[in-house]
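Me: I'd like to go through this one term by term and check what each label rests on. Could you take me through it?

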Amino acid sequence: MSDQMSGQGETDGRMAPALDEVDRRIVELLRADGRISVRKLAEQVNVSRANAYARIERLTSSGVITGYHATIDPHRYGYTVSAYLAVKLRQRSWREFTQRLADMPEVEHAAMVSGGYDGLLLVRTTDSDALRDVVLDRLQSMPEVMATHTMFILDELRPKPS
């Protein structure tokens, strides 16, 4: 589960760091290819390698860059069932709920939302039995959860490889 779901990515009242066009281009390049060499990145943004290293370090220490990860194809990885779960929670229980989600590797993303539900989860499982276990046995047994609504994902648009 991501740092944002665990509470580490929450807004804490600090101002966002000032970013110039070079910083933004560095972030765009790293988002497109987290394995790009600093040499190549520096060339593409027209700065020295030392400047690129310093900017990446500043972007990381200020929390703009929060980590690097491998993007997978869920089906090829074995997650053949994906669903969005809308969750209705007890009032003021979002923090406790997200702490419990930290122990659920099936939850790929969680967001607090407005409207008829309080949270929206992206859940990926190996099969429908595993999804049933997530929804009925694990989520609905949490004291914070008042109701759930499951929407199966029938097809997904995937980002084009860069």
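**What the labels rest on**

Reply: Let's start with Arg 124 and Ser 82, whose side chains are joined by a polar contact of 2.7 Å. This is a predicted model, in which local features need pLDDT of at least 70 and side-chain atom pairs count only at pLDDT 80 or more, while totals for chains, interfaces and linings use all residues. Residues are numbered from 1 along each chain as its sequence is written, and side-chain values use heavy atoms, with hydrogens and water left out.

Me: What makes the pairing of Arg 124 and Ser 82 a polar contact?

Reply: A polar contact is a pair of N or O atoms within 3.5 Å; within protein, one must be able to donate a hydrogen and the other to accept it, and residues adjacent in sequence count only if both atoms are side-chain atoms. The 2.7 Å between the Arg 124 and Ser 82 side chains therefore qualifies. The Arg 124 side chain also has a polar contact with that of Glu 108, at 2.6 Å.

Me: Is Arg 124 buried or exposed, and how do you know?

Reply: Buried means under 20% relative accessible area, exposed over 50%, and partly exposed in between (1.4 Å probe, protein chains only). Arg 124 has 6%, so it counts as buried. It lies in strand S3; helices (H or I, at least four residues) and strands (E, at least two) are DSSP runs, numbered from the N terminus.

Me: What does Arg 124 touch, leaving aside neighbours within four places in sequence?

Reply: Contact means heavy atoms within 4.5 Å. On that basis Arg 124 is in contact with Pro 74, Tyr 79, Val 81, Ser 82, Glu 106, Glu 108 and Glu 156.

Me: Why is Glu 106 called buried?

Reply: Its relative accessible area is 18%, so Glu 106 falls under the 20% cut-off. Glu 106 sits in the loop between H5 and S2, and its side chain has a polar contact of 2.9 Å with the side chain of Arg 138.

Me: What about Thr 125, buried or exposed?

Reply: Thr 125 has 1% relative accessibility, so it is buried. This residue is in strand S3 as well, and a polar atom of its side chain lies 3.0 Å from the backbone oxygen of Asp 127.

Me: What makes Asp 127 a cap for H6?

Reply: One of its side-chain oxygens lies 3.1 Å from the backbone nitrogen of Asp 129, and this is at the N-terminal end of H6.

Me: How do you know that the buried residues of H6 are on the same side?

Reply: The residues in question are Leu 131, Val 134, Val 135 and Leu 139. They cover an arc of only 80° around the axis, so they sit on the same side of H6; the arc is that of the directions from the helix axis to the C-beta atoms. Their cover includes S1, H5, S3 and strand S4 (145-152).

Me: Which residues touch the most other members of the largest nonpolar core?

Reply: Leu 85, Phe 97, Leu 101, Leu 121 and Leu 139 do, out of 19 residues. A nonpolar core is a set of buried Ala, Val, Leu, Ile, Met, Phe, Trp, Tyr and Cys residues joined through side-chain atoms within 4.5 Å. Two or more residues each come from strand S1 (81-89), H5, strand S2 (107-112), strand S3 (119-125) and helix H6 (128-139). S1 gives the most, with 5 residues. A second, separate core has 13 residues, including Ala 42 and Ile 56.

Me: Why is the pair of Trp 94 and Phe 97 called tilted?

Reply: Rings of Phe, Tyr and Trp (its six-membered ring) pair if their centres lie within 6.5 Å; planes under 30 degrees apart count as stacked, over 60 as edge-to-face and the rest as tilted. Here the centres are 5.9 Å apart and the planes make 45°, so the pair is tilted. The two residues are 3 apart in helix H5 (residues 94-101), which means about one helical turn between them. Phe 97 is buried at 0%, and Trp 94 is buried too, at 19%.
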